[in-house]
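Dear colleague,

I am passing on the structure we spoke about, together with notes on what turned up in it. Please read them with the structure open beside you.

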Amino acid sequence: MDNFKELLGEFIGTFILVFIGCGSVGVTILFGWFGSLLEVAIVWGIGVALAIFATRKISYAHLNPAVSWAMTLAGQISIKKFFLYTISQTIGAFAAAVLLYAFLSNDISIFEEANGIVRGTLESQNTAMMFGEFFPNPGYADELTVSVHLASVMEALGTFLLVAVIFWLVQLKTLNKNLLPVLIGLTVTLIICLVAPYTQAGLNPARDFGPRLWAYFSGWGDAAFPATQYGFLTVYILSPFFGGAVAFYLMRFLKRA
């Protein structure tokens, strides 16, 4: 029962953060409701904070396989629980994408027709980006050239910063624990401002793969994935895991030094 409760918490929390975060990207693309990257980043940060507040009493509120992996290395959870958490987080992200699409599908179709976008073509990444991420961010494609190597570094760096901050905050004995979700949300906001022009700042394999998989089955097909072969795997899945692991080993070194 405890395991089920924890897995449900990871599902709900990831659902909340993805629905709010991807929703902010969706309404910006379709309606221009947010006028800057900072505004979208703030909404993402709020989504993360709310998701942690909502689920921290029923699970560890990792809501991110890269965080769960770092906590597995730290001995907080078992390898079995890591895999179960990852599955729950990914399903939660997928479910959030399904609901978001249910709300926005008609508006997406209108937007595509108005802008001459054929879903499934390379150009349709301009709408697929509300689900999975791309490098460079389609909104900055005219300004930035981002290789798979640079994108991988940016995702690893962003996740490293996030996980390092989480470890640092958790070990502060004088910190009011009610501030943890807010501070982690603010951290996500700041990291997005740094990383998003390059990669849309996934920082979370479940957040990326769940919605991307839904986009694939909803008509975007191969356009739901970056044009670079295996780019989504190296940039949005492996790199966050690597960044989270480096954060753990660095914090452990500093604690022992």
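This is a predicted model: local features need pLDDT of at least 70, side-chain atom pairs count only at pLDDT 80 or more; totals for chains, interfaces and linings use all residues.

Just after helix 4 comes Gly116, whose phi is positive, at about 65°.

Next, the salt bridges. Side chains of opposite charge can pair when their charged atoms come close. Searching the whole structure gives four salt bridges, and three of them are described here one by one.

One of them joins Glu112 to Arg119, with 2.9 Å between the closest N and O atoms. Glu112 has a relative accessibility of 7%, and because buried means under 20%, this residue counts as buried.

A further salt bridge is formed by Glu133 and Arg207, whose closest N and O atoms are 2.5 Å apart. This pair connects distant parts of the chain, since Glu133 sits in the loop between helix 5 (125-128) and helix 6 whereas Arg207 belongs to helix 8 (residues 205-220), with 74 residues separating the two. Both partners, Glu133 and Arg207, are buried.

Within helix 8 itself, Arg212 and Asp208 are four residues apart, about one turn of the helix, and their side chains meet in a salt bridge with an N to O distance of 2.5 Å. As with the previous pair, Arg212 and Asp208 are both buried.

Turning to helix packing, I would draw your attention to helix 6 (residues 148-170) and helix 9 (residues 231-256), which pack against each other at an angle of about 35°, their axes being 7 Å apart. The crossing of these two helices is right-handed.

- Cys22 is located in helix 1 (residues 2-31), and it counts as buried because its relative accessibility is 1%. Its C-alpha atom is separated by 5.6 Å from that of Met130, although Cys22 and Met130 are 108 residues apart along the chain.

- Gln200 belongs to the loop between helix 7 (180-199) and helix 8. With a relative accessible area of 12%, Gln200 is buried.

- Gln229 is found in the loop between helix 8 and helix 9. Its relative accessibility is 63%, and because exposed means over 50%, Gln229 counts as exposed. Between the C-alpha atoms of Gln229 and Leu73 there is a separation of 30 Å, the two residues being 156 residues apart along the chain.

Conventions:
Residues are numbered from 1 along each chain as its sequence is written. Side-chain values use heavy atoms; hydrogens and water are left out. Axes are lines fitted to C-alpha atoms, for helices over the stretch in contact, and angles run from 0 to 180 degrees between N-to-C directions. A crossing is left-handed if the near helix is turned anticlockwise from the far one by less than a right angle, and right-handed if clockwise. Buried means under 20% relative accessible area, exposed over 50%, partly exposed in between (1.4 Å probe, protein chains only).
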